[in-house]
Amino acid sequence: MVGEAARLIVLVAACAMSGPLGAEAFEVRGGCRDARPHGIYELSTADGRVRVLGAFNLGQRTSSFLFWSPGGVRIAQIPWDDGTISGTVALWYSDAPRGGDPPWKLQASFARGVPDGPTRSWYRNGRLSGEYFYDRGALVAAKAWTASGAPVSEERARAQAVKAAGENLRAFAALGAIVDANLPRCEGDPGRTPQ
């Protein structure tokens, strides 16, 4: 699971890179109000492939932000409420079978920016790697399995949960960085329409 999360982070960071070595040219569509992003937000490639969809309310992320890989595979859904992650976060592995859905990587309940409720994660092979339960950010229960399906001790499951939580937060931050680097240009124009 550690290697898989690292690959997702590298994939996402590569999408956000600028410079001559693999920069992807993005087109930003979004409106502004009071010199802040407001309304629907869309980030797409020059050839029209959508990479991110979401919405802002006076500069704060609101509703779900959906992310796709360079190959067009859905890789994340992150729900926001007044600029804070709130709702069920979903991550998928970036390799989907042709015409099929990508394999699940993570489903995690968040409230006010912290895990709150059930969290489930999967190995790339589709087996469940962990089931955790959080109460306002505190881990209260953990079960985990090996990639072959064998259960692990509660101590190991808790350690896996802590490690996975850090990796997930880094992945969320990397995805957010893509949006932050590609905001609508709102400077000085209080009521500009979408670009």
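Reader: Is arginine 158 buried, partly exposed or exposed?

Author: The model is a predicted one. Arginine 158 has a relative accessible area of 27%, so it counts as partly exposed, since that class lies between 20% and 50%.

Reader: With which residue does arginine 158 form a salt bridge?

Author: Side chains of opposite charge can pair when their charged atoms come close. Here the partner of arginine 158 is glutamate 154, with the closest N and O atoms 3.1 Å apart. Both residues belong to helix H2 (residues 154–180), where four residues, about one turn of the helix, separate them. Glutamate 154 is partly exposed, at 48%.

Reader: How many salt bridges does the count give?

Author: The count comes to seven. Among them is the one between arginine 136 and aspartate 135, whose closest N and O atoms are 3.4 Å apart. Arginine 136 is exposed, with a relative accessible area of 67%, whereas aspartate 135 is partly exposed at 36%.

Reader: How do strands S3 and S4 run, and how many bridges join them?

Author: In a regular strand the side chains alternate between the two faces of the sheet. Strands S3 (residues 50–57) and S4 (residues 60–68) run antiparallel and are joined by five bridges. Valine 52 has phenylalanine 67 in S4 as its bridge partner. Two residues lie between the strands of this hairpin, and leucine 58 in the turn has a positive phi of about 50°.

Reader: Which strand pairs with S4 over six bridges?

Author: Strand S5 (residues 74–81) does, in the antiparallel sense. Leucine 66 has glutamine 77 in S5 as its bridge partner. The S4–S5 hairpin has five residues between its strands, and glycine 72 in the turn has a positive phi of about 90°.

Terms used:
Residues are numbered from 1 along each chain as its sequence is written. This is a predicted model: local features need pLDDT of at least 70, side-chain atom pairs count only at pLDDT 80 or more; totals for chains, interfaces and linings use all residues. Side-chain values use heavy atoms; hydrogens and water are left out. Two strands pair if DSSP finds at least two bridges between them. A salt bridge is a side-chain nitrogen of Lys or Arg within 4 Å of a carboxyl oxygen of Asp or Glu. Buried means under 20% relative accessible area, exposed over 50%, partly exposed in between (1.4 Å probe, protein chains only).
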